[in-house]
Amino acid sequence: MRDTLVLNASFEPLSTVTLNRAVVLVLQDKAVVEQAHPELRMRGAALDIPAPRVIRLCQYVRVPFRRRAPWSRRGVLVRDRHRCAYCGRRGTTVDHVVPRSLGGQDTWLNTVASCAEDNHRKANRTPEQAGMPLLRKPFEPTPADAMLLALGQDDFDALPEWLAQPAA
């Protein structure tokens with residue numbers, strides 16, 4: 001599970017990495033811990049450090065400009081925080097607002113998280129045809145927002161205030 005946010009030397013979000021990878025980067029002096037988990041600690045024979053939640057690279061890494069976050073089924077579920085767009089219960093599937101058979105595409109603006117029951121009930125229709133209005137409109141997250149959302153609801157609330165909040 002990727003639960004540590006990696007910031008560039010300029011404090012821009014770069015990616016998320018596993019906790020083990022984050023510790024290795026800190027131990028190799030390639031990164032510094034900006035925020036640690038309050039209760040977790042990493043212990044070894046001659047080592048006892050707080051588990052990093054946010055790390056910042058010591059050297060600036062030039063990243064090619066990415067205008068859009070890549071679409072993925074997991075990304076849609078994370079963006080919608082695993083909540084069904086039709087009833088608000090736990091969403092485990094991805095539903096196409098405009099069904100693929102009617103020309104709908106795999107895009108951020110045409111897909112929403114859905115529970116299996118609502119996905120089956122809506123079937124091959126638009127929300128208007130099925131009489132199932134969306135509780136919230138789908139949106140396209142920026143690449144940085146998608147990265148922060150990938151940390152999850154609990155981790156996201158505990159991030160430092162100076163870190164940009166994603167669009168909701």
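Arg89 forms a salt bridge with Glu117, with 3.6 Å between the closest N and O atoms, where a salt bridge means a side-chain nitrogen of Lys or Arg within 4 Å of a carboxyl oxygen of Asp or Glu. This is a predicted model, in which local features need pLDDT of at least 70 and side-chain atom pairs count only at pLDDT 80 or more, while totals for chains, interfaces and linings use all residues. Residues are numbered from 1 along each chain as its sequence is written, and side-chain values use heavy atoms, with hydrogens and water left out.

Arg89 is partly exposed at 44% relative accessibility, whereas Glu117 is exposed at 51%; here buried means under 20% relative accessible area, exposed over 50%, and partly exposed in between, with a 1.4 Å probe and protein chains only.

The structure holds nine salt bridges, and another of them joins the side chains of Glu34 and Arg56 at 2.7 Å, N to O. Because Glu34 sits in strand β3 (residues 31-44) and Arg56 in strand β4 (residues 47-57), this pair ties together parts that are 22 residues apart in sequence; strands (E, at least two residues) and helices (H or I, at least four) are DSSP runs, numbered from the N terminus. Glu34 itself is partly exposed, with a relative accessible area of 28%.

Arg68 and Glu140 also meet through their side chains in a salt bridge, at 2.9 Å, N to O, and this pair links distant parts of the chain, 72 residues apart. Finally, Arg41, Arg43 and Asp48 are linked in a network of salt bridges.
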